[in-house]
Amino acid sequence: MFFLLTIVVSLAGALGVYLVGSRRPEGARRLALAAAVAGLVFAVAGAVQLGAPKGLVTQVRMPWVPSLGIEFHLAADGVSSVLVLLAGIASVSGILFSWNVERRANEFFALYLLLIAGVYGVFLSFDLFQFFAFYELAIVPKYFLIAIWGSTRREYGAMKLALYSFIGSAMVLVGVLAIYAVSGLHTFDLTRLAGTSLPIGFQVWAFPLVFVGFAILAGLWPFHTWAPTGHVAAPTAASMLLAGVVMKLGAYGALRVGLMVMPAGAKYWGATMAALAATGIVYAALVALVQQDFKFVIGYSSVSHMGFVLLGLAVANRAGLAGAVLQMFSHGVIAGLLFGVVGRMVYDRTHTRELSMLEGLGLARRLPFAAGVFTLASVASMGLPGFSGFVAELQVLGGAWQRFPVAALAAGVGVVLSVAFTLRVLQRSFLPDAPTVAAAGGGSMEHPEPITIPEKLGAVMLLGTSLAVGLYPRVLLEWIDSGLAGPLFGGLRRVMGWS
Amino acid sequence: MVVNYAQLAWLASAEVLLVITALAVLAVDLKLRSSATPERRRSVALGLGATGCALGIVWLLVAAPDGSAPGGMLVSDALTRLVKVILLALTVGTLGLSGRSTFTPHVGEYVAVILLGGVGMMLIAGTENVLMMFLALELASLSLYILAGFAKRDPRSMEAALKYFLFGGMAAAFLLFGLSFVYGVSGSIEFRGMGAGLAGQKMIPLLLVGLVMVLVGLGFKVAAVPFHFWAPDAYEGAPTPVAAFIAAGSKVAAFFLVAKLSLLAFAQVGGSAAWGAFVPGWTPLVAVVAAASMLVGNFAALAQRNVKRLLAYSAVAHAGYALVGVVGAGSGSVATVTFYAATYAVTALGAFGVVGVVEAVAGGSDFSHFAGLSRRSPGLALAFGILVLSLAGIPPLVGFFAKFYVFLGALTPVGGQGPMALLWLVGLGIATTCVSFYYYLRLLKVVFVEDPPADSRTISPGVGEWAVVVVTTVLVVLVGCAPALFLGPLQAALASVGLGR
């Protein structure tokens with residue numbers, strides 16, 4: 001029941017925040033934070049209550065459009081639990097990092113909470129119609145968040161992102177309708193569809209449609225170009241959510257609808273998808289290495305790290321999938337943190353993201369907290385032991401090694417490259433060799449506003465989460481394993497030959 | 001064939017009520033002409049008209065006239081009553097949007113012609129005889145031609161009316177000619193009789209020509225490509241409430257007719273629109289028109305800078321989606337098409353309501369007149385946003401479920417046709433919705449993102465406009481979240497007349 005409340009409280013929060021009106025930004029913020037915190041509390045309570053169940057636990061199930069076999073089926077297994085938790089953490093930290101939004105604040109936070117409601121909904125939906133409805137619900141607010149409150153080329157970035165998302169979801173919709181028609185079961189129930197084996201010939205053409213449709217949102221190379229542009233254009237909270245949870249929606253959909261329902265298709269296309277994923281890891285890392293805009297570096301690093309998730313899905317063995325899900329969680333936390341530092345702590349104070357300008361500002365001295373957080377976040381992002389990224393990427397690499405050693409090697413190169421670009425950006429932004437203060441007229445920050453308490457809270461929360469998972473990944477891994485061991489993945493286990 | 005006039009009056013009681021209302025409106029307006037202010041005349045005429053429609057709705061729900069006249073001239077059953085109630089509600093909505101009809105001093109005539117148009121649409125829905133169908137179509141069309149030209153001092157309104165009339169007259173000629181051919185082959189003018197007469201019929205050239213001509217005539221009514229050329233000009237030039245009536249009421253009636261005609265009369269010569277296995281007949285013709293409408297409507301809408309023209313091209317595209325329902329779903333097609341047309345009509349009515357309000361204050365319906373609407377009238381902008389997103393097909397709004405339902409219907413195996421036979425049409429439909437997202441989002445960008453012009457006044461709708469916009473928006477959200485609210489009664493009505501799946 002707690003999980004249902006995450007959606008309810010977010011939707012009610014969205015409505016309430018909108019009704020606060022545009023004149024009282026403080027009230028809107030507080031209400032939004034309250035709703036997000038309530039959502040997180042319900043997410044934690046739900047996850048704890050669920051524990052590590054064998055298979056799926058239904059929360060709410062009732063007929064929706066009986067004549068078409070559409071149900072409202074809210075349920076969760078260990079995998080959903082992990083991602084619902086992530087959504088809760090990301091939503092709270094996003095609001096903390098956008099405490100300075102003053103313009104049209106009620107609309108901002110209303111759209112934000114609507115997006116969050118969609119995200120919770122996707123992670124908890126086990127009816128394909130419902131799944132798709134929540135999935136699309138999450139796209140529209142993104143457009144407005146970026147187009148209204150964004151920065152660099154915001155309208156272009158917003159439209160590009162929205163169109164890529166819609167094209168992806170259109171592919172998915174064709175796939176969903178085809179699955180319904182071909183299965184002949186007259187149901188959208190994911191559990192039943194996962195239990196049936198669709199004709200191989202059908203899976204071979206429908207799987208790439210659905211998988212790629214979802215993976216576009218997860219930043220699959222070569223359809224990833226919306227991601228950096230969108231991230232850069234987005235306001236801080238939106239880019240945190242975008243990288244933190246929205247990209248995960250794509251990966252999650254690929255897992256639930258692609259792999260679970262069409263395992264034979266997944267096996268057939270595994271090598272191709274792994275090749276695309278590995279290419280994405282290396283390519284995005286190389287591009288990140290030469291970016292001049294701070295946020296573009298983080299944007300491409302997101303694509304690169306999401307490549308590990310997709311690689312894990314393409315490999316589709318136990319280690320690969322567990323790693324993919326854990327990487328979704330881990331990257332959601334770390335990317336949120338990185339975007340928070342860049343967008344809120346640095347850009348809102350310096351009004352520049354050009355690395356060449358930031359070099360001269362002596363950020364480490366003026367914003368020591370930001371420097372410290374970013375250093376730790378970089379360490380986490382590089383995948384050093386002790387943080388969540390290490391465990392996740394190691395799992396994916398291990399899984400990939402068993403099936404596609406070449407892809408695993410390429411991804412390994414990607415890890416090295418990610419160390420390189422992360423160190424480069426860290427060194428140029430916060431820790432230049434010789435801080436030449438206020439060089440080249442980039443200094444609009446003689447007296448930077450000190451890091452505020454909400455920012456500190458948000459940063460500590462995200463860092464703490466990453467550290468906790470890195471040091472003690474057992475809890476999340478147990479949940480994920482319990483999900484993977486459930487009957488939903490029975491078809492996949494059988495086809496791929498693992499147990 | 002003995003005609004029982006009492007029975008005819010009973011079957012057409014709602015229509016009779018509406019005609020009486022129209023005459024009463026004329027009489028009262030004549031009486032008030034010299035004594036009352038224009039505002040008072042307008043409110044009296046609109047109020048009287050709306051009351052008549054409301055009484056009609058109540059009558060249909062309570063008295064529920066049932067039965068059919070000889071030859072299927074008039075058919076009144078649960079299904080036609082449901083459609084007539086929807087049409088009456090849309091007529092009331094049109095009247096509600098006419099509160100600012102300062103474009104004409106002749107309010108009495110204006111309201112009376114709207115009501116007569118409504119009568120025509122109700123008769124379209126309530127007949128299974130091609131003769132009556134033609135007469136009803138003409139009644140509805142002639143009323144709409146007159147209404148389109150009601151802003152007599154506006155040359156664009158004149159242009160709209162003339163274009164609409166010329167295209168319409170031509171289409172009517174095609175329709176009549178085509179029906180005569182089909183009659184010649186089938187030997188009947190009743191829908192069901194035609195269906196029986198065409199059973200086992202080979203696709204001889206005479207029949208094919210007849211079907212194509214019927215398609216031309218009906219394609220004009222629903223504004224499907226390539227018979228859509230009148231739509232943008234008519235929508236743009238006609239007074240906005242009239243454009244709403246064309247987009248809403250006439251679409252519901254026409255689509256219901258097309259669905260019924262396809263199922264009852266042409267099912268036997270349906271052919272097949274399955275990919276790679278075309279069999280000449282009615283459905284491949286409709287499929288081609290549907291595909292063309294979705295493509296042309298959506299791509300042409302990309303280039304529009306005027307909201308009314310944009311809505312016109314979007315209407316063309318929506319006609320394509322609704323026709324996908326005609327192509328597929330077999331006996332379920334009446335359900336999918338009616339659901340689609342009715343929900344589209346409600347959405348379009350609300351959208352035109354917002355356009356009318358903005359037009360009245362800002363002086364036009366170009367994109368620039370909508371700039372920053374969300375700052376000038378947050379409530380109106382929110383409603384507009386919801387309505388436009390529903391047109392785009394975003395869940396949980398009703399436009400999404402309507403599309404979903406139509407596409408699902410098209411993928412339902414019918415007869416010897418497998419589930420994947422129409423996937424090409426469905427895929428095309430879904431692909432073109434991606435195109436449509438671009439222009440809908442661009443419109444919403446103007447409303448929500450751009451800054452309002454410096455000298456802009458706040459925009460506040462009148463009572464009737466508010467009522468229409470709020471009711472349509474609420475319906476769009478409510479039926480979108482719980483489609484069974486409308487689907488249930490619709491399927492029950494279909495089942496009661498033996499057209500359910």
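Which residues form a nonpolar patch on the surface, with about 350 Å² of accessible area together? In this predicted model, local features need pLDDT of at least 70 and side-chain atom pairs count only at pLDDT 80 or more, whereas totals for chains, interfaces and linings use all residues. Residues are numbered from 1 along each chain as its sequence is written, chains are lettered from A in the order in which they are written, and side-chain values use heavy atoms, with hydrogens and water left out.

The patch is formed by Val19(B), Leu23(B), Leu26(B), Leu116(B) and Leu139(B). Patches consist of residues with over 30% relative accessible area and no salt bridge, nonpolar side chains (Val, Leu, Ile, Met, Phe, Trp, Tyr) being joined within 5 Å and like charges within 9 Å. A salt bridge is a side-chain nitrogen of Lys or Arg within 4 Å of a carboxyl oxygen of Asp or Glu; areas follow the Shrake-Rupley method with a 1.4 Å probe, and for residues only the protein chains shown count as cover. Helix H2 (residues 13-32) of chain B supplies the largest share of the patch, three residues; helices are DSSP runs (H or I, at least four residues) numbered from the N terminus. Leu116(B) lies in helix H5 (residues 107-125) of chain B and, at 31% relative accessibility, counts as partly exposed (buried is under 20% relative accessible area, exposed over 50%, partly exposed in between; 1.4 Å probe, protein chains only).

Rings of Phe, Tyr and Trp (its six-membered ring) pair if their centres lie within 6.5 Å, with planes under 30 degrees apart counted as stacked, over 60 as edge-to-face and the rest as tilted. By this rule, the count over all chains is 47 aromatic pairs. Phe132(A) and Phe400(B) are stacked because their ring centres lie 5.7 Å apart and their planes meet at 20°. This pair crosses between chains, from helix H5 (residues 128-137) of chain A to helix H18 (residues 398-410) of chain B. Phe132(A) is buried at 2% relative accessibility, and Phe400(B) is buried at 5%. Both belong to one aromatic cluster, whose members include Trp64(A), Tyr180(A), Phe339(B) and Phe486(B).

Within helix H9 (residues 200-217) of chain A, Phe202(A) and Trp205(A) lie three residues apart, about one turn of the helix. Phe202(A) is buried at 6% relative accessibility, whereas Trp205(A) is partly exposed at 36%.

Charged groups also lie over rings (NZ of Lys or CZ of Arg within 6 Å of the ring centre and within 35 degrees of the ring normal). Arg153(A) lies over the face of Tyr156(A), 4.2 Å from the ring centre, and the charged end of Lys403(B) sits over Tyr321(B), 4.9 Å from the centre of its ring.

Conventions. Helices (H or I, at least four residues) and strands (E, at least two) are DSSP runs, numbered from the N terminus.
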